[in-house]
Amino acid sequence: MGDLGMGMDKVGMVMAMVVIVVAAMAIVGRCDPSESNRDMVRRAPWRIHTLFSVECQDYFDWQTVGLMHSFRKSGQPGPITRLLSCTDEEMKAYRGMDLAPTFRVPSMSRHPKTGDWYPAINKPAGVAHWLNHSEDAKNVDWVVILDADMIMRGPILPWEVGAERGKPVAAYYGYLIGCDNILAKLHTAHPEYCDKVGGLFIMHIDDLKAVAPLWLSKTEEVRQDREHWATNITGDIYSSGWISEMYGYAFGAAEVGLHHKTTDDLMIYPGYVPRKDVEPLLLHYGLAFSVGNWSFSKLEHHEDDIVYKCGKLFPPPPYPRQVEQMEADSDKRRSFFLSIECVNTLNEGLLIHHAATGCPKPTWSKYLSFLKSQRFSEMTKPKSLTPQMHKRLQAVKTESSGKPGGIKPKIHTVFSTECSPYFDWQTVGLMHSFHLSGQPGNITRLLSCTEKDLMKYKGHDLAPTHYVPSMSRHPLTGDWYPAINKPAAVLHWLNHAAIDAEYIVILDADMVLRGPITPWEFNAERGHPVSTPYGYLVGCDNVLAQIHTRHPEACDKVGGVIIMHIDDLRKFSLFWLHKTEEVRADKEHYATKFTGDIYSSGWISEMYGYSFGAAEINLRHRINPDILIYPGYSPRKGVEPRVFHYGLKFGVGNWSFDKADWRNTDVVNICWSKFPEPPDPSTLSSTDDSTLVKDKLSIECAQKLNEALYLHHMRRKCIEAGKDNLSQSKMNVSNGRWQERKKATIRLYRDLQQSLHDPPDVVIVRPRYWMVCVWMLSVFGFLLVLSVVLSRKKVRLERAKAKE
């Protein structure tokens, strides 16, 4: 029995050892967030390394937690490294060294030679330092470069997205207009290679080694070129040189001959609507976004130490069921789901981080329960490229290889204004909406001014501008007719500007873009422009057309939005101006019955000039009623208009807006001026779907104008000047509260004024969970040894008893 008991003890000891070893292996598996990544690396044909750049601030720490958490969930193969730019002084108080695998790099926020304060330069400086000093850089084929304010939704694989050596894949940044003007000619020997890209880079390590030094030096070069910081040269809405780093990359890549495959499919800003067949792999929350009354802006959390406060999370967004109830349109609903996924993923990452750092278990709540639910798990499981995305990326590959197929024509958007406050606030609204809309190509304001007006004009920085002589007072007849400036300005621009575009989109200043207007979507082609219906132009059906065109049968009742091939516009523009003069001079036929002009004043002569001029050369329009809508009207069911044209008065309940009421009010140059706030959409109670949609669109238009004014005042640095005004204001823009943003912006500006000190040495640090795992393994090892010792002692005692 003694031998049997001893045998059983041995079996128990062996079983205990097996249990301990299995448990230890399981814990190591849980501690290693890259377990699936390692499997993918073994399957992957090449080695990948992901990089992102940050500074020693709480602001970047919570972004790091979010990106690292999403990186682990996404299944992205290979390691990830945070390039941490800090001074020695900052490091003394810095708490976040364990938040990510970290490579510390010298801070260049304060340039060591020029003293220039420009933290964005740390990105190219950090990448260059990593290439020169990291062992990881010697053992990698492909590099994926991200920004810290991103959430990964699935693996980004170079061989899937079509990246090649010499042809990186990148996200399209259309606002980098300096690639098309004097800026590129000044800063690169190959301006023709300048690509408007940023945010996401997927490139071969050899290409990164070639471009990195020039990325840094060109950033320094553009940053010092203060003479060319203006918005109309760079596209930087702040005219502050803040996007110098982006141009540094574009010009550096052009210098070494890198041709990028640009795509809009891989990355999206929350708040935007993805294409129906697109599953974005990256959420870039660089802009504010909202869902109903809830909103999120990263700038409002610039000083938030949320990473280090147990149980603290960002304000929860609406639940999926609430989103389904608040939005019937499937596209908008999908956009809302992406927005809530972004912040929910950030909060999930914070919860896991707090638990890993020893925070007490948070109190149960409905929101915490949702983050652990099956539905949230399903919503955030790793995404992959859709077949349609594969197809489009292949088209990009074909284009980059110089073969036909998949090439989109270049577009240029223009609009006409005059030197007055009335057109300035319209310009601010249109430019803001242009940047949000995703409209491809550049935009130019055609500014008609007299020399006298131009001398005192303050709005030169409101938009990329082409200056044209004013024809408001006709130089020959003396007729006062400002509307003639539109055809005159287009003609002047065509004759005096270098235009590198195949299609021109012509808008009015009193418009707000809601989405892109492209020739390929609306079927414009040479000889067949696309426009929107202006049914009140009855002169196309009566004697007016017979008098003023040889082809009255070709007279189309169109206007507002025009998409026209450049060759057609060059042939047509002189007729547009000439026919406008002709109709304007025909006072005998001003009557409403001839023109449809309710004022019988000849005010719509320019519109007839367009229709009759087009008829003269037999331009037949494809008329699309769904592109444009006047706020206050209802769109056809299922239609999402691309343009608001607020030329008529509109209202919701007791609130109304009429642009004519603001003809003589300077809301652009008086700090924090704005239009009366429309009602909150959540207060609408109409049971009629058509009325509800109409009212929501009206509110959206007004909100976009106020949002544009708010950002304009911020750009003009009205922060302190508007302090007294703002303390009484409850301004709500679509993406956040006016007062809260003002405070956050003041904090941001003050923070950006702080100086840094000398750069530190390079240190590589791994995250805290490895320390926890090592500690647990040590405990299990100790218990294992103790178990063996005690077992042997027990055996000796049993043997001693047996001898007795």
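User: How many helices and strands are in the protein chain?
Analyst: The protein chain has 27 helices and 27 strands, where helices (H or I, at least four residues) and strands (E, at least two) are DSSP runs numbered from the N terminus. This is a predicted model, in which local features need pLDDT of at least 70, side-chain atom pairs count only at pLDDT 80 or more, and totals for chains, interfaces and linings use all residues. Residues are numbered from 1 along each chain as its sequence is written, and side-chain values use heavy atoms, with hydrogens and water left out.

User: What share of the residues is buried?
Analyst: Of the 804 residues in the protein chain, 55% are buried, meaning under 20% relative accessible area with a 1.4 Å probe, protein chains only.

User: Take α3 and α12. At what angle do their axes cross?
Analyst: Helix α3 (residues 58-74) and helix α12 (residues 330-356) cross at roughly 95 degrees, and their axes come within 8 Å. Axes are lines fitted to C-alpha atoms, for helices over the stretch in contact, and angles run from 0 to 180 degrees between N-to-C directions. The two helices are therefore roughly perpendicular to each other, a label for angles of 65 to 115 degrees.

User: Which residues in α3 and α12 meet?
Analyst: From α3, Trp62, Val65, Gly66, His69, Ser70 and Lys73 meet Thr345, Leu346, Glu348, Gly349, Leu350, Ile352 and His353 of α12. Contact means heavy atoms within 4.5 Å.

User: And by class?
Analyst: The contact of α3 with α12 has five nonpolar, six polar and two charged residues. Ala, Val, Leu, Ile, Met, Phe, Trp, Tyr, Cys and Pro count as nonpolar, Asp, Glu, Lys and Arg as charged, and the others, Gly among them, as polar.

User: Strands now. In what sense do β18 and β19 pair?
Analyst: β18 (residues 530-533) and β19 (residues 558-565) are antiparallel, with four bridges; two strands pair if DSSP finds at least two bridges between them. Thr532 has Gly559 in β19 as its bridge partner.

User: How does β20 run with β18, parallel or antiparallel?
Analyst: β20 (residues 622-623) runs parallel to β18, joined by two bridges. Val530 is bridged to Arg622 in β20.

User: What is the strand order in the open sheet with β17?
Analyst: The order is β17-β22-β21, three strands with mixed pairing. β17 (511-513) and β21 (628-629) are the edge strands, each pairing on one side only.

User: How many bridges join β17 to β22?
Analyst: Three bridges join β17 to β22 (residues 643-645), and the two run antiparallel. In β22, Val643 is the bridge partner of Leu513.

Technical notes. Angles under 35 degrees count as roughly parallel, over 145 as roughly antiparallel, 65 to 115 as roughly perpendicular and the rest as oblique. Buried means under 20% relative accessible area, exposed over 50%, partly exposed in between (1.4 Å probe, protein chains only).
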